[in-house]
Amino acid sequence: MRVWSIAAAILAAAGSAQAGSRTVLYGPAPSWVAPPPAPTGTAAPEGAAVQVLYTDTQTRIGADGDEFYTAYRMKILKPEALSIGNVSAVWNPSSDDLKVHKLRILRDGREIDILAKTKFTVLQRENSLEMSTLSGDLTATLQAPGLQVGDEVEFAATTKRRDPTLGEHSQGGMALPATEMAGAYRMRLTWPKGRNLAWRATTDLGAVKPVERGDDYVLDVEMRDLKSAIATDGAPLRYNLRRLVQFSGFADWTDVSHLMLPLYEEASVLAPSSPIKAEAARIAATTADPLARATAALALVQERIRYVFVGLDDGAYRPAAADETWKRRFGDCKGKTALLLALLRELGVPAEAVLVNSEGGDGINERLPIAAAFDHVLVRAVIGGRTYWLDGTRMGDSDLNRLPEPTFRWALPLRAGEVKLEPVAAVPPVLADGAMALTIDISRGVDKPARVSGEQIFRGDAAFGFKTGLSQLTKDDAERKLKAYWAQSYTWVDPETVAWRYDEKQNMATLTFEGEGEMEWEGDAKDGRYYYLNIVGFAAPAPMRRPREQDQTAPWLTDFPSYDRWSVTVRLPPETDGWKWGYAMEPIDALIGGVAYQRQIHMSDGVLRAVTSRRTLAPEISAEEAKLVGKQAAKFDDQVPRIYQYKAEGKEEAKSPWPAAIAKATDGSTLVGIGDYLAATGDDANAMLAYDRALAVSPGFRMAVRGKAETLRRQSGDAKALAYMDATLKQDDDPGLALKRGALLIRGGKTEQGQAAIEAVYAANADDAETLGAYSDVMFGLKRYDRALVGADAAIKLEPGKASLHRRRGAVLGELGRNTEALAEFDASLRLEPTEPVNLYGRAEALRRLGRVDEALADLDEADRMSPLQSSARGMRERLLRLSGRGAEAAALYDTQIASDTDGSAYNNRCWSLALANIELGKAEADCAEAVKRSPKASGFWDSYALVALRDGRLDEAVRRYDQALKIEAKQSSSLYGRGLTKLRKGDEAGGRGDIAAAQALNPYAGDEMAEAGLKP
């Protein structure tokens, strides 16, 4: 489409091909052009600078090219409209002829022919050169001389376009203004009767149909004194197309695909001596993995070929040959796609070119098939059953598993056979595009400056942009820029040190700072201080309402894709003189208007942590969902969170809050959740209270029964647990409980009976994904990984969209050594539940087993950012480093906790890490000695202390320490197992085997961590 500066004409015909003219032609309008519409005589609105008398857009589809006629007549009412006299037109000489028919001034009944004395000047300039665009367009410009207020300007011109690439596949559209405007407005489409041309008009144009005039069909739409075509606020584009006529010479989307396919097939063919073949051979020699080969090929195209749009000659649709693109080292999406296809073909990676619309392409499926519906082409490859969208025009895509999800909604593959326009699923981001974490240390007191540190991460294009910009600066200039950035972000902070880093593998930029800040406390020493934590606050979502005249049934657009996270950690001053610390903010887990809002809070040991996130799940929501936003927002906690001091009332007794909380709860699911939490933390007594209470309020509740059975086993032994299970199963044939019973029988030595019971449950519930998953869990616990995989596979077949099933299958595959497959399962679970850190933990383990330690650590870092309230990330990082041969780094993770360690936990953790790694045993001995000194009744500390002696070969001392641990906690399976190993090394075969059997009866996983460290019977 070409647009004159004073007339907006929609002439969307595609372009380029055989030579047109490089000069402006002059002459009368073609014979097919109808006379202009008569002005309406309606005055312009009061105060208007210009009056439109008419605009006229006419298109003719012809055998030797398509012609686009544009004319207008306007009256200048005020000086600010004199710019109408700056007339310009743009055309491409490789395909277009531009012919001007008239340019005249009508003044006081006189006609002044401007073209009689003044001609257009032709300029060759690239209007978008700064955007790496070479179109070859020419610009014709003319300054109308002597123009005055009160003059009318009338202009008419035709562009004729010949496109051998498109041939008879004409395409385009015309539109009338959507706003209220006086004057006459017309659009007209003419085509020969023998020409296959489809057309479609928006419904607001009324009953439009073509008429026969001689050998042509003519579609004529004229509107006079336009009223506004009411747009629908917040609606997708397809709901806001107004007064549009579209036309196409394509029969269907297959026709479009088949026109473009040979262009890319031809362009991707390499010469026998092509240097690209050598590049492909180099890549092939380094790896046989198709994913790694595709990654290397994409990097070659992104990094070695700079982006320049090439529309010269016939380049608008036709790609440059791969060899030509490589030779000149620049290319556009077409040339880069052809090159990438050639490389992938050489590397044996199946791939195809795909047309897309970079702006999303909303509603393409509802319009006529045209090539102009797309403005971008890329490569789609399916590797290992997963689809990868490979875009050679991007930068920094060094890991295909971390490619951003596509933002286009439709794709047209270029392939043989029937081809359909394919919908592309809108997948919300898996990882936060941006995340801010702030740590505020006010432990010195509220009257002292706070120590403050911050970390801001960016992913994707924003990260690459930061990296590119900061890399250009000197160290000093980069430091100044970063300090200014942080000072503007947190005006109360003085950043003292700043840093940044870029992770190429993750395409992630991290900015950090440390400094001091004067916090603006409110309140006073008498009534207590308080401080607002704006970083973890939310504004309530705005209601979604439209004026009554608009379409109330239309969906609403969201800000998809968007995912941001904010977190704060506050190290509080000691609680003295009766003052205690509290916080005023509520947890949030809400889905409003297609956006998931979450907030988690935790405060203990003088540290407050809060994490909030906002993640948009879909590009649009229905009108029905939008109606609920106002009601949901009214209940939304949009108060600014704060921390505050308060006076404790009376003497506080150190007692467990759980019995009271359990007695107060009346919901069975809530009570089971409490019980599960308490059981996981080792508080079996209160866990049993919770399960019993759950069964009291919800008799027969299966989850409560299962929890109680497991707790009973730990408290009273297998026999009582089996008796309870047997009695319960007589009343309710719960397959989950039956599976637990079978596992318990096996652990008790009744292997055949237990196995038969488990397999009977499996056979009877082959269509129940929950039971199949539970079967897989039981088999995993029994270390029957082959059967665990059978159960996981069957469960996923029934419920492929359930993240927990993919996690389960990933864990099983990992134990079977099929780590690449395990990684794919954790990738799937992460895509399904991107806000659950457990998916990142699982993926990190799979990456560790594949030797990709840095990537595994990056996943644990992200899990920590995602939920710093969970304590498992540090332990997992320690294990990952230790098992990767980096034991010193693993133990050093606990160094920062030593200074604030009051009960010996940090000393114990570092001791345990060093002992497992079998390094610095002297330091480990000292750490554990300090730990048991601080907490002499901590059985776990004595267990670690014993391991140091075992590692050091002091077997009698190891047995003594294990005995002490078991004296404190007789059922501590790790100590039984460790003592068993020690006895075996002392030559006590019976005693050692007995302890190990007892340990594994209590916990089938007892000894696994020691075995990982090389400590086996």
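User: In this predicted model, what is the handedness of the crossing of α18 and α19?

Analyst: The two helices, α18 and α19, form a left-handed crossing.

User: What makes α18 roughly parallel or roughly antiparallel to α19?

Analyst: Helix α18 spans residues 803-815 and helix α19 spans residues 819-832; their packing angle is about 165 degrees, and their axes lie 8 Å apart. Angles over 145 degrees count as roughly antiparallel, so α18 is roughly antiparallel to α19.

User: Which residues make the contact of α18 and α19?

Analyst: From α18, the contributors are Ala803, His806, Arg807, Arg809, Gly810, Ala811, Leu813 and Gly814. From α19, they are Asn819, Glu821, Ala822, Glu825, Phe826, Ala828, Ser829 and Leu832. Sorted by class, this contact of α18 with α19 comprises seven nonpolar, five polar and four charged residues.

User: Why is α20 described as largely enclosed by the rest of the structure?

Analyst: A residue is buried when its relative accessible area is under 20%. Eleven of the 13 residues of α20 are buried, and therefore the helix is largely enclosed by the rest of the structure. Among the buried residues are Leu840, Tyr841, Arg843, Glu845 and Arg848.

User: How do you know that the span of α20 is close to the expected one?

Analyst: Helix α20, residues 837-849, reaches 19 Å from its first C-alpha to its last, and 18 Å is expected for its 13 residues at 1.5 Å a residue. The value is accordingly close to expectation. After α20 comes Gly851, with a positive phi near 85 degrees.

User: Why is Asp225 called partly exposed?

Analyst: The relative accessible area of Asp225 is 25%. Buried requires a value under 20% and exposed a value over 50%, with partly exposed in between, so Asp225 is partly exposed. Asp225 is located in strand β15, residues 216-226. Its phi is near 50 degrees, a positive value in a residue other than glycine.

User: What makes Asp577 buried or exposed?

Analyst: Asp577 has a relative accessible area of 66%. The cut-off for exposed is over 50%, and Asp577 is therefore exposed. Asp577 sits in the loop between β32 and β33 (579-584). Although Asp577 is not a glycine, its phi is positive, at about 55 degrees.

User: Where is Pro561 placed, and is the peptide bond from Phe560 to Pro561 cis or trans?

Analyst: Pro561 belongs to the loop between β31 (556-557) and β32 (563-571). With omega near -5 degrees, the peptide bond from Phe560 to Pro561 is cis.

Definitions and conventions. Residues are numbered from 1 along each chain as its sequence is written. This is a predicted model: local features need pLDDT of at least 70, side-chain atom pairs count only at pLDDT 80 or more; totals for chains, interfaces and linings use all residues. Side-chain values use heavy atoms; hydrogens and water are left out. Helices (H or I, at least four residues) and strands (E, at least two) are DSSP runs, numbered from the N terminus. The expected span of a helix is 1.5 Å times one less than its number of residues. Buried means under 20% relative accessible area, exposed over 50%, partly exposed in between (1.4 Å probe, protein chains only). Axes are lines fitted to C-alpha atoms, for helices over the stretch in contact, and angles run from 0 to 180 degrees between N-to-C directions. Angles under 35 degrees count as roughly parallel, over 145 as roughly antiparallel, 65 to 115 as roughly perpendicular and the rest as oblique. A crossing is left-handed if the near helix is turned anticlockwise from the far one by less than a right angle, and right-handed if clockwise. Contact means heavy atoms within 4.5 Å. Ala, Val, Leu, Ile, Met, Phe, Trp, Tyr, Cys and Pro count as nonpolar, Asp, Glu, Lys and Arg as charged, and the others, Gly among them, as polar.
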